[in-house]
Amino acid sequence: MLLSADILSPWFDAAEPYDAFVAGADMMQQSTWHERHGQLALDDTQQTLVGDFTRSMRILCLTGRWCGDCALQGAALARIAEASNERIDLRFLERSDATAALAVASMINAGTRVPVTWLIAEDGAPAARMGDRTLSRYRSMARKAIGDASNVHSPPPLDPVREVLAEVLQEVERVQWMLRLSPRLRQLHGD
Amino acid sequence: MPIGLRAADLATAFEAASDWDAYLASDVDRAGAWRSTREGLLLTSDQTQLLGGFTRTMRVLVVSGIWCGDCVRQGPIAQAIADASPCIDLRMIDRDHVASPVAHLTINAGARVPVTVFMAEDFEPVSVFGDRTIHYYRHMAAQQFGASCPVPGAGLPDDVQAAVVQDWLDEFERVHLLLRLSGRLRQVHGD
C-alpha cells in the first residue's frame with residue numbers, strides 16, 4: 001500500500017512540478033486550481049513552521065486536473081512546498097491510462113480514487129500515504145448527503161477550504177518530524 | 001504480477017491475526033504493560049457517542065510487536081476505540097508472523113511498528129496509519145530538541161495521551177465516513 005522505493009521512484013521522476021501540471025489543464029480547470037491557490041496562502045504560524053523544515057522530502061500526488069478535491073489538496077501542497085525553502089520537491093501525476101499501473105496499486109475501497117499522495121524521504125523511501133479526502137471534507141459530505149444519519153458531531157469549520165490546508169499541513173509536518181528524528185537520516189546528516 | 005496489497009492478501013493476514021486477549025496471551029510477561037495502558041484509557045462521552053453511532057463494519061489490522069514501546073502506547077488506544085463500537089473488527093498480528101503484511105508497509109526504509117491497515121468489511125484496503133501520530137512526534141521533538149529533557153521511565157503526559165487518542169479517533173472517523181458514503185457499499189446495504 002505504501003509501495004516500495006523501487007516502484008515509486010520512476011513515477012516520481014516522470015511526474016511534473018505544480019506549475020507545469022496545472023498548465024496542462026484546460027482553462028476552466030486551471031481557473032479552479034488558481035482560485036484554490038489564491039485562497040490558501042499560509043498564515044504566519046504556518047509559514048514559520050514550514051520555513052523551519054530541515055529534512056528534504058519528496059511528495060508525489062496522483063491526481064486529476066478535473067477533480068475538485070485534487071485542486072484543493074494540490075494547491076494546499078503547492079503552498080506548503082513554496083514555503084519550504086526548497087526542502088519539499090512536489091510533483092503531480094494525472095490519473096490516466098499512462099498511470100493506470102500506479103492507480104491500480106493504490107486503490108482505496110476498491111476504487112482508483114484520487115487524490116492519493118505519497119510523502120517520501122529524500123532517498124525515495126516512502127514514509128506515508130494520504131488520501132483520498134480529509135476528515136473535514138468527509139464530515140461536510142456526510143452532513144449534506146445523509147443529514148441526521150451522518151453521525152457527525154463536530155461543528156462545521158469556519159473556513160472549510162483553509163481547514164483542508166491545516167489537515168494537509170499536519171500530515172506533512174508529521175512526516176517531517178518522522179524524517180528529522182529518523183536514526184538512519186540523523187546518522188547520514190550527522191545531526 | 002500485481003503490485004501493492006490486495007484484499008485477498010489482507011484477508012489472509014486478518015485471519016491469521018489475533019484479537020486482544022489472544023494477542024496478549026502470546027507473551028504473558030509483556031502483556032501487563034498493555035493491560036495497564038488499556039485500563040488507564042477512558043474515552044470521553046463525546047468520543048463514545050461518536051463511536052456508538054458507527055454503522056459500517058470496518059476491519060482494522062494492527063501490525064505490532066508486543067515488545068515495542070510505541071505499540072504498548074498505541075495498541076491499547078486502538079483496542080479502547082474498538083471496544084466502543086461493535087462495527088470495528090480489530091485484530092493484531094506480530095510484525096514477524098509469516099502472514100504479516102509488513103513487507104508492503106515499510107516506513108522510511110524500516111519495518112516500523114505499529115502500522116495499522118484500515119479496510120472495508122470485504123477487506124478492500126482503505127488507509128495505512130503509522131507509525132506514530134502527529135502529537136506523539138511533536139512530543140518527541142520537544143523532548144529531543146526542546147529545553148527540557150525526558151525523565152527516564154516517565155509516562156506520557158495526560159495532554160499528549162489525550163491528543164494521541166484523538167489522532168487515532170480522527171482516522172477511525174475518517175475511514176468510517178469514507179465507507180458510509182461509499183457508492184458501492186451504499187448499494188450493498190441499501191442505505
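How many helices and strands does the secondary structure of chain A come to? In this predicted model, where local features need pLDDT of at least 70, side-chain atom pairs count only at pLDDT 80 or more, and totals for chains, interfaces and linings use all residues, chain A has nine helices and four strands, these being DSSP runs numbered from the N terminus, with helices as H or I of at least four residues and strands as E of at least two. Residues are numbered from 1 along each chain as its sequence is written, while chains are lettered from A and ligands numbered from 1 in the order in which they are written.

Followed along the sequence, chain A has the pattern α-α-α-α-β-α-β-α-β-β-α-α-α. Its radius of gyration, 17 Å, is close to the 16 Å that the globule rule gives for 191 residues, so chain A is as compact as a globular protein of that length; the radius is taken over C-alpha atoms, and the rule is 2.2 Å times the number of residues to the power 0.38. The C-alpha trace of chain A spans about 55 × 40 × 35 Å along its principal axes. Of the 191 residues in chain A, 46% are buried, which requires 20 or more other C-beta atoms within 10 Å of the residue's own, with C-beta atoms placed from the backbone.

Within chain A, helix α3 (residues 27-39) and helix α5 (residues 68-82) have axes that come within 8 Å and cross at roughly 45°, the axes being lines fitted to C-alpha atoms over the stretch in contact and the angles running from 0 to 180 degrees between N-to-C directions. The two helices α3(A) and α5(A) are therefore oblique to each other, a class left for angles that are not under 35 degrees (roughly parallel), over 145 (roughly antiparallel) or 65 to 115 (roughly perpendicular). On the α3(A) side, A:T32, A:W33, A:R36 and A:H37 take part, and they meet residues of α5(A) including A:G68, A:L72 and A:R79, where contact asks for C-beta atoms, placed from the backbone, within 7 Å.

Between the chains, 31 residues of chain A are in contact with 36 residues of chain B. On the side of chain A that touches chain B, β4 (126-131), α7 (135-146) and α8 (160-180) of chain A each give two or more residues, and α8(A) gives the most, with seven. That side divides into 19 nonpolar, six polar and six charged residues, where Ala, Val, Leu, Ile, Met, Phe, Trp, Tyr, Cys and Pro count as nonpolar, Asp, Glu, Lys and Arg as charged, and the others, Gly among them, as polar.

How values were computed:
Contact = placed C-beta atoms within 7 Å. Buried ≥ 20, exposed ≤ 12 C-beta atoms within 10 Å, placed from the backbone.
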